[in-house]
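Visitor: I would like a short tour of this structure. May I ask my questions as we go?

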Amino acid sequence: MGESEDVPKDFIKLKSEKLSVDEVSELVISPNCGAVSLFIGTTRNNFEGKKVIHLEYEAYTSMAEMEIKKICRDVRQKWPSVKHIAMHHRLGVVPITEASVIIAVSSPHRTESLEAVMYCINTLKAFVPIWKKEIYEDEYSWKENKECFWANSEK
Amino acid sequence: MRCQVTVLYFARSAELAGLRSESVSVPQRLTSLQLWEEIVKIHPRLAVIQDQVIFAVQQEYVLLGDQLLVLQTGDEVAIIPPISGG
């Protein structure tokens, strides 16, 4: 009875609470999918010799959710067999070793979900309006993704 | 003709401007670079990030440059410093 409701779904969430790998992977599990691929972005404790105390994330939330929806739409065009997509990003303070982002994709066979997960994180880093501040012992730094789509563009 | 848009500031631009959002009167028709210049008149400290930022107008990205914008009262204009999600 429930199987007829197993239509492809996108699960997008920006939240300040700790992210859960179990929760995100369970969202995308599907009876006719043999593969769930996962990416977890975690917080490193150092940058250029400086000790990172924690990260802080902020977002243009409404636009970030829209940009993530566009990523999901693009994934389904490029890999039509992809079933469910989940992209959860944490906002606010993220302690060292905790996850900032978890992406999970299910598909019947593994190639599509593995490729789609990579596309999701690469495109998120290029297009989604979320900002990370690294807090060190004596200072802080707003990070800039090298993937940022307008980086180095001539104005 | 002018209109009243909501300007949103994020990350470094919020620190430089000292606030996260405000209502600003701007011409209805102007280039994206002219819009930037209007905002820098109000918050001169933003000038230091001119080469790094772009806009999001009604949640569509717009580079700073010659692109002609047609704005309406209530439109949302966000200053977007280089992003670092993920």
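Visitor: How many salt bridges does the rule find across the interface of chain A and chain B?

Guide: This is a predicted model, in which local features need pLDDT of at least 70, side-chain atom pairs count only at pLDDT 80 or more, and totals for chains, interfaces and linings use all residues. Residues are numbered from 1 along each chain as its sequence is written, chains are lettered from A and ligands numbered from 1 in the order written, and side-chain values use heavy atoms, without hydrogens and water. A salt bridge needs a side-chain nitrogen of Lys or Arg within 4 Å of a carboxyl oxygen of Asp or Glu. Across the interface of chain A and chain B, the rule finds two.

Visitor: Which side chain of chain A meets Arg20(B) in a salt bridge?

Guide: Look for a nitrogen facing an oxygen. The N to O distance is 3.0 Å. The partner of Arg20(B) is Glu58(A).

Visitor: What is the area buried between chain A and chain B?

Guide: Buried area is the accessible area (1.4 Å probe) that two parts lose on being put together, summed over both. Contact means heavy atoms within 4.5 Å. Chain A brings 33 residues to the contact and chain B brings 26 residues. Carbon and sulfur atoms give 57% of the buried area, which is about 2,400 Å².

Visitor: How many helices and strands does chain A have?

Guide: Helices (H or I, at least four residues) and strands (E, at least two) are DSSP runs, numbered from the N terminus. In chain A the order is β-α-β-β-β-α-β-β-β-α-β-β. That comes to three helices and nine strands.

Visitor: Is Thr97(A) buried or exposed?

Guide: Thr97(A) lies in the loop between β6 (92-95) and β7 of chain A. Its phi is positive, about 75°, although Thr97(A) is not a glycine. Buried means under 20% relative accessible area, exposed over 50%, partly exposed in between (1.4 Å probe, protein chains only). Thr97(A) has 60% relative accessibility, so it counts as exposed.

Visitor: And Gln59(B), buried or exposed?

Guide: Gln59(B) sits in the loop between β4 (54-57) and β5 (60-62) of chain B. Its phi is also positive, near 65°. Relative accessibility is 13%, so Gln59(B) counts as buried.
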